[in-house]
Structures are given as structure tokens and as C-alpha cells.
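Dear colleague,

I am passing on the structure we spoke about, together with some notes on what turned up when it was examined. Please have the sequence and the model open beside you as you read.

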Amino acid sequence: MDRTVLKSKHLNQKYKERRELKEVQEKSRKEEKILLIQRKLQKAEELKQQQILKKVAKAHDEESKKSEIHFINKMDAENKRHDILEKEKDSEKRLQDIEEERQRRLEEKAARESAVEERRKAIEVERQQRIDHIRRKREEKDKKIELQMQEKEKERLEAANQKARERELKLFAIEAAHQANVEELQKKILLKQEESKRRHEENIGQIRARAFELSVRRGSSMVGSEHAPALSPYRVKKMCSLCNLIIGSEVYLYSHLRSKKHQEAIQGLLDGVEPSKDQLECYNLKYIIDATNMMDSCSLDVKVDKESLKAINKTRKKLRQRLFLKGRTFEENWKNGDNSMEVNSSNKQTLQKIVSKIQSLVKDNSPKSPWSGSDALALERLLNQLIKLVSLKNKQDLEYIFRTGAISVFISFFSPLLEFSNDKFPLLPEKIYALLCTILKEICANHLEICYYVLSSTLIISLLDLLALRLTLFSEESATVMSSSFSSATLPSSNAGIRTFDPVCSSLSILLSTIIRTLSDHAFVPWNDNPESFRQRVSDMISYSISIGIVDKLSLCIANSQGLVNSEQDLARQLRNSLSFIVCLTMLLASIKNFGDLFSQIDPEDNTQFIITLRMTHIVGVIPLMYGALLNTGSTLRPQSPTPESPEHVLELALESLQLLNYFALLDLKMLQTILGSEGLSLQLRHIANYLIWYCTHWEADYLLHEVILLIGFFTVDNVDNQNVVHTGQRPTILEQLCSLPYEFFSGSNLSKILLPTLISCCYENEVNRQILEQEVSSTILSSFIDKEIINNQVKATLKRKSLENLIESRVTNDRWSLKLRFPKNKWLLAKKYFEK
């Protein structure tokens with residue numbers, strides 16, 4: 001260590017001496033250089049002066065001057081060269097010294113590093129030897145520890161296994177004892193549950209028996225009650241063993257107990273003696289029994305055999321083929337005819353651009369795969385733009401859309417829906433299909449030519465097929481709601497994941513209603529060259545609608561939707577739209593038949609099977625639908641004031657139902673009276689009419705009141721049993737409320753033409769009703785009204801006005817409310833004399 005320090009000190013001292021020597025040499029070199037430069041400058045100055053003197057002296061000699069200049073330049077160049085060589089020599093010497101010094105230092109450094117590396121290797125060898133020794137010792141120690149641990153683990157496992165075996169034996173014994181106790185407890189619990197269930201069922205049975213007995217006693221009373229009987233079906237159907245009749249609900253129970261047939265049967269048991277109240281209750285309780293053992297023999301369900309189903313399918317195929325062939329022929333004639341005229345529209349370019357974009361979107365997307373989100377949004381924007389244009393009701397715009405064939409393009413969007421069921425992904429959102437229906441409705445509304453084209457072409461087939469399909473899917477969903485709610489005793493609206501509204505079905509119903517209503521308004525106007533062909537096309541269309549089951553499926557939807565109408569506003573509007581389609585079909589069929597003679601003894605011809613279908617469905621089940629929507633089950637018919645206002649959607653549904661019944665009366669009045677006068681329906685109709693007349697006197701709903709008055713007239717005209725219905729029930733009865741209407745209904749205004757024919761139908765040849773009438777108004781009002789109608793009819797017959805305007809006014813505006821359609825014309829004079837007494 002001391003040698004190293006001394007050596008470093010010696011090296012530092014030597015380095016300092018060399019540095020000082022180098023600085024001295026450098027300093028002396030600089031001084032010599034400065035002296036040399038000064039001598040050169042002095043010598044150069046002397047030479048310059050000499051040369052100047054020589055130039056002055058020898059200015060005349062140019063040759064000598066050139067030689068002198070050449071000599072001077074040469075001397076300067078040599079001097080410069082000499083200086084440069086000296087400088088290079090000094091620089092090379094200095095660089096050589098520096099390089100030698102650097103080489104020496106590198107050699108010393110390499111020597112030091114080699115020595116250090118040797119020492120490091122020796123130290124590393126020693127350290128590795130120590131580590132190897134320690135590792136060997138540790139491995140030996142670990143082996144010994146591992147052997148000891150293995151021996152201990154074996155001992156521990158043997159002890160644990162022995163302990164586990166002992167524990168398992170103990171647990172098995174405990175579990176066996178516990179299982180025995182559990183089984184014993186379960187047996188006791190089951191016995192208690194069975195006993196409790198039996199007692200509960202006995203109590204529920206007794207409660208139901210007492211409730212049914214109370215219901216029978218209440219139904220046995222002939223006095224009008226404020227109680228609205230329940231429409232919900234019995235869990236176990238009842239049966240009147242005396243009349244051999246199945247009773248499905250409390251409504252039908254009340255109706256049957258108070259029916260003439262049942263009363264006569266009881267009187268027959270008593271040898272024609274009028275039974276007392278107690279006797280009537282005893283007989284009713286005796287003969288109203290459960291129908292569990294006799295359901296098979298008394299079932300009212302209609303079972304269609306395979307042969308009839310084959311006949312129905314065969315008829316449907318023939319009708320479809322006939323409609324398709326005639327539609328194709330019409331389309332070809334339309335294309336070949338003069339129907340491609342130029343239409344001048346102010347929005348022609350905009351409409352053309354929208355229609356072309358829609359057609360390009362249709363081409364870009366496959367008809368069997370869902371559209372992309374961007375294309376669907378683009379189509380929705382285009383349809384919204386088109387709705388804004390068609391909502392302006394510009395006839396030229398609508399005509400241009402029709403002439404471009406856009407209607408066929410729009411209806412072609414619905415074709416894939418016929419191929420995909422409800423569980424598959426739709427090609428487009430339902431909102432777009434609803435927009436398409438809205439556009440088509442706006443185009444067809446009050447545009448006779450377009451509606452006639454849709455009816456006569458193949459487009460009507462696609463629309464009807466799609467409506468039938470959507471009604472089928474909706475009826476299945478509504479049946480699921482009804483069955484699940486009945487089994488789980490929960491509200492139908494609580495069934496999650498099941499829809500109660502189909503926007504496509506609702507929009508399609510509105511579209512078809514618009515088309516058919518436009519055609520029915522012009523059905524008897526001679527705008528068509530071939531009216532017989534038009535009537536045949538309409539008959540085929542209605543027959544096809546019946547054959548594909550639109551009315552049957554709608555009836556099933558209505559039956560499954562009872563109890564949901566008040567809470568589900570969308571469902572009520574969908575049913576209203578579907579009923580509107582049936583109403584328009586009825587209007588169209590009545591229009592092409594020119595109403596006929598309603599009071600004829602001959603049954604009307606029914607080539608379309610429309611009337612028989614409505615009869616089989618009890619006119620699509622609208623009476624129970626109105627009853628459940630307007631009258632809450634078990635509530636009083638007239639709640640205390642202030643009178644609650646019914647929801648708008650319920651009133652709209654009731655209006656469509658009443659219009660359907662009134663238009664059906666124009667087709668077959670006797671059938672309507674038979675259906676509505678049957679047990680159960682007559683009681684429901686009485687409650688509905690009583691409630692609506694009372695409601696319309698408290699709230700402004702004249703349109704509803706007029707339809708109710710018209711229906712009561714159709715219901716009672718020339719029918720004694722139905723006349724007796726209007727004076728029964730809770731007071732004021734239907735007839736009493738009609739007689740208590742405001743004065744405007746009895747004066748010479750148009751309202752009298754609505755009310756007075758109904759009063760004539762209710763009171764003609766019925767002394768009880770006439771006495772009720774004369775308590776409020778004089779019957780001479782009715783005779784005076786009949787006298788005026790006779791005079792007006794004679795005046796019209798003498799004038800014989802046959803102009804188109806008068807024809808339209810007489811058939812569209814006045815016919816439905818005219819006396820000749822509401823009371824037999826051959827009995828006008830008899831009725832006049834009857835009310836003049």
C-alpha cells in the first residue's frame with residue numbers, strides 16, 4: 001500500500017516537472033517566434049524602403065523592376081515556406097511527445113487492469129468454493145429435514161385417517177338419527193298441511209256455495225237491482241238441470257233465472273201456479289247445480305270435423321285464386337290503358353327524389369335478411385318527409401305518387417312479414433311498417449280511384465293476409481295472457497314479456513278501414529262502368545276475409561282481452577281499429593245490397609258467409625267487451641255524483657261496437673234481435689244501454705247517445721220480448737231515461753228524427769211501455785211524427801228526384817236514421833192510429 005502511495009507521489013511530481021518544463025519551452029518558443037517575426041518585419045521594412053528607393057531610382061528600367069519584383073516575391077515565398085516548415089516540425093515533435101505519453105499511460109493502465117482482473121478472479125474462485133461448500137451442507141441438511149417431515153406426515157395422515165373414520169362413523173349415526181327425525185316431522189307436517197288444505201278447501205267451498213246461493217237468491221228476485229252481475233266465468237260451470245242449460249257466469253245466471261223459459265218450467269212443476277218468492281228461490285237452488293258430470297253431453301263448443309276444415313281450405317284457395325287472377329288481369333289492363341298521364345305537381349321533384357331513394361334502398365338490401373341500422377334510419381327519415389307532404393292533402397301530389405307506382409312499392413315491404421313468424425328477427429322495425437301504413441292511409445283517404453285500384457289489384461290480398469297473420473299472432477299472445485292470469489290469479493297486465501299491443505296490426509286495420517269506407521261511401525254512385533263487376537269483387541273480398549278467419553281471430557282477441565281494456569289504452573285502440581275494419585266491411589256489404597228490406601220475412605242472401613260468421617261469433621263479442629269496459633264487475637250501475645268520466649279510449653271502443661251492431665241491423669235485423677235477445681246478452685245489453693244513456697246525460701257524448709238510441713230501436717222494433725227488456729231493471733229504466741231526454745229530442749229538430757222512431761219501436765203494441773211513455777210525454781207526438789213522415793214520403797214519391805246529389809244525400813246521410821229503415825213502412829198507419837188512441 002505504501003509503495004503504491006509513493007509511486008503515485010513520484011508520478012505526480014514527475015508529471016509536474018514535465019508540465020513546468022513544457023511551459024518553459026512553450027514560453028521560450030513563443031518569445032523566439034515573436035523575435036523572429038519582429039526581425040522579419042524589420043527586414044521586410046528595410047527591403048521595402050530599399051525597393052522603394054530602387055523604384056524611384058530605376059523607374060525607367062522595367063526589366064530590372066520585374067526582376068526585383070520577382071526576387072521579392074520569391075524571398076517572401078521562401079520565408080513563408082521556411083516558417084511553415086518550422087511550424088510543422090514543432091507540431092510533429094509536439095504530437096509525437098503527446099502520443100508517446102498517451103501510449104505510456106495506456107500501457108500502465110492495461111497493466112493495472114490486468115493485475116486487478118487477476119485479483120478479482122482469485123477472489124471469485126475463493127467465493128465460489130465457499131458457496132459450493134455451504135450449498136452441499138444445506139442440501140444434506142434439507143434431505144435430513146425432508147426425511148423427518150415425511151415420517152411425521154405419514155404419522156399425521158395415519159392419525160387423521162383414523163380420526164376421520166371415527167368422525168364419519170359418528171356423523172353417519174347422527175345423520176341417520178336426524179333423517180329419521182326429519183322424516184317423522186315431514187310426515188307430521190304433510191298430515192297437518194293436508195288437513196289444513198282440506199279445511200281451507202272446505203271453507204272456500206262453503207264460501208263459494210254461500211256466494212253462489214246469494215247470487216241465485218239475488219237473481220231470483222224480479223225487482224231491478226243496482227248490482228252489476230259479474231262477467232268473469234265460473235271456475236266450475238253451473239247448469240240448470242230443469243232447462244238442461246249450461247251457465248258460464250253470473251250474467252248468464254241472472255239472465256236465465258229471470259227468463260221466460262225458466263219461469264214457465266217452474267210453473268209447470270207447480271201445475272201452472274205462480275210460485276212465491278220463497279218457492280222460486282228453493283227451486284232455483286235445487287235445480288242450479290255444478291255441471292262437472294254433464295259437461296260432455298251439454299257442451300256448447302262447436303267442433304269442426306276434418307271434412308269441413310278441408311272444405312274451408314278449398315274455398316279459401318279458390319277465392320284467393322279468383323282474386324289473384326282478376327287482380328292480375330286488372331293490373332295488366334291498367335298498364336295498357338291510358339293511365340300514364342302527366343301529373344303537374346308542385347312537389348314533383350321532391351316526391352320523385354324520395355321515391356327513387358326508397359327504391360334504391362330496397363335494391364341495396366336483401367329481402368330475406370334484416371336491414372342495417374343506417375339503412376333503416378335513412379328509410380325512416382324518407383318516410384317522415386313523405387308523411388309531411390301527403391298530410392297536406394294536395395290531390396296532385398297524391399295523384400303523382402299513385403301514378404309512379406309507389407303504392408305497390410310500399411305494400412311490397414309487407415311481403416316478408418308473411419314469411420317470418422313472430423319469434424324471428426323482423427327485417428325492419430315495427431315503427432317503419434306503421435309509418436308505411438300511415439302514408440298509404442293518407443294517400444287513399446277520400447281518393448276513390450286509388451282505393452278502387454287497391455281493391456281490384458292483387459294488393460288487397462297481401463293486406464288481408466298480413467292482417468290475418470298479425471291477428472293470429474296477437475290472439476295467441478292474448479290467450480297466453482288470459483290463461484296465465486287465470487291460473488296465477490294475477491292481473492293480466494303484470495305478465496312481463498308479453499305484448500298487449502301490435503302497432504302493425506293496428507295500422508293495417510286503419511288502412512283497410514280507410515280504403516273500404518271510401519268505397520262504401522261511393523258504392524251506389526254510378527262512377528264505375530261495370531257496377532256488377534265491382535259488387536262481385538267486393539263480395540269476393542269479403543268472402544276471402546271471412547275464409548282466412550279475420551272475424552274469428554278478432555273475436556278470439558276480444559274474448560281474451562276482457563278485463564284489460566280499461567288499463568291498457570293501446571290495446572283498446574287496437575281493438576277499436578280492428579272493429580272499425582269490420583264496421584266498414586258491414587257498411588260496404590250493406591251499400592252494395594242497397595240496404596234491402598229489413599222487415600222482410602225472407603232471410604237475406606249471404607253468399608259471403610259474413611252474416612253467418614258474425615252470428616257464430618255473437619257479432620264479434622262486442623257486447624261482453626262493452627260490458628266489461630263500461631261496467632266494473634260488482635259495482636253499482638250508477639255511482640254517486642260527481643259522475644266519473646270514462647276514459648276516451650273506452651268511449652271510442654264503445655262507439656265502434658255500437659256502430660257495428662247498428663250496421664249489422666241493416667244486413668239482417670232479425671238475426672241481430674235474436675242474438676241480442678238471447679239469455680245473457682240481453683241482460684248485458686240492458687245494463688250497457690241503461691248506463692250509456694245515463695252517462696250521456698251527465699257528460700257531452702251526443703255521438704254515443706245517438707248510436708245507443710238507434711240500437712235500442714233496432715233491438716225492439718216488431719219484437720215483443722225485446723220490448724219488455726227496455727222497461728225492466730233498475731229505475732229509471734231504459735225507456736224512462738229515453739222519455740226523460742231534453743226537449744230538443746221531442747221538438748221538430750233533427751234530434752227528434754233520432755229519438756222518436758226508437759220510441760215508436762219500443763211502444764208499438766206494448767201497453768206497458770206506452771203507459772211508461774205517457775207518464776212523461778204524450779203519445780200524440782209519435783203519431784204526429786208518423787203523419788209527417790207519411791206526407792214527406794208521398795211528396796218524395798210524386799217528385800221522383802233522381803239526381804246524383806239527392807241520391808247520395810238520401811243513401812248516405814239520411815237512410816240510417818230514416819223511419820223506413822227503423823219501422824216497417826206497412827205499419828205506419830196502424831202505428832199512427834195506435835198512438836192516437
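A charge is taken to sit over a ring when NZ of Lys or CZ of Arg is within 6 Å of the ring centre and within 35 degrees of the ring normal. By that rule, the charged end of R770 sits over the ring of Y834, 4.8 Å from the ring's centre. Please keep in mind throughout that this is a predicted model.

Confidence and overall make-up

The mean pLDDT of the protein is 80, and 79% of its residues reach 70 or more. There are stretches to treat with care: over residues 293-305 the pLDDT stays under 50, and the model has eight contacts for them beyond four places in sequence. The pLDDT is also below 50 over residues 801-814, a stretch with 15 contacts in the model beyond near neighbours in sequence.

The secondary structure amounts to 31 helices and three strands, and 40% of the 837 residues count as buried.

The surroundings of Y834

To return to Y834, which other ring does this residue pair with besides that of F835, and how are the planes set? Y764 and Y834 form an edge-to-face aromatic pair, with 5.7 Å from centre to centre and 75° between the planes. Because Y764 lies in the loop between α27 (752-763) and α28 (767-776), while Y834 belongs to helix α31 (residues 828-836), the pair ties together parts that are 70 residues apart in sequence. Y764 is buried at a relative accessible area of 7%, and Y834 likewise counts as buried, with a relative accessibility of 7%. Y834 also forms an edge-to-face pair with F835, in which the centres are 5.3 Å apart and the planes make an angle of 80°; both Y834 and F835 are buried.

In the whole structure the search finds 14 aromatic pairs. Elsewhere in the chain, F330, W334, F402, Y452, Y453 and F534 form one aromatic cluster.

The nonpolar core

The largest nonpolar core has 180 residues, and those with the most contacts inside it are F410, I582, V620 and L759. Helix α18 (residues 569-592) gives the most to this core, contributing 14 residues. As for L759, once residues up to four places away in sequence are set aside, this leucine touches L735, L738, C739, F746, L773 and L782.

A further buried residue worth a look is L467, which lies in helix α14 (residues 459-488) and has a relative accessibility of 1%. Beyond four places in sequence, L467 touches C505, L508, S509, L512, I550 and F581.

Q609, which is not a glycine, has a positive phi of about 65°, and V620 has a positive phi near 60°. Are these two residues buried or exposed, or something in between? Q609, in the loop between α18 and α19 (610-616), counts as partly exposed at 42% relative accessibility. V620, in the loop between α19 and α20 (622-630), is buried, with a relative accessible area of 0%.

Two serines in loops

S646 is placed in the loop between α20 and α21 (648-667), and at 13% relative accessibility this serine counts as buried. The side chain of S646 makes a polar contact of 3.4 Å with the side chain of Y691. Leaving aside neighbours within four places in sequence, the contacts of S646 are L651, Y691 and Y695.

S747 lies in the loop between α26 (734-739) and α27, and its side chain reaches the backbone oxygen of E744 at 3.2 Å. The C-alpha atoms of S747 and I781 are separated by 8.9 Å, with the two residues 34 apart along the chain.

With best wishes

Terms used. Residues are numbered from 1 along each chain as its sequence is written. Side-chain values use heavy atoms; hydrogens and water are left out. pLDDT is the predictor's confidence in each residue, from 0 to 100. Contact means heavy atoms within 4.5 Å. Rings of Phe, Tyr and Trp (its six-membered ring) pair if their centres lie within 6.5 Å; planes under 30 degrees apart count as stacked, over 60 as edge-to-face and the rest as tilted. Helices (H or I, at least four residues) and strands (E, at least two) are DSSP runs, numbered from the N terminus. Buried means under 20% relative accessible area, exposed over 50%, partly exposed in between (1.4 Å probe, protein chains only). A nonpolar core is a set of buried Ala, Val, Leu, Ile, Met, Phe, Trp, Tyr and Cys residues joined through side-chain atoms within 4.5 Å. A polar contact is a pair of N or O atoms within 3.5 Å; within protein, one must be able to donate a hydrogen and the other to accept it, and residues adjacent in sequence count only if both atoms are side-chain atoms.
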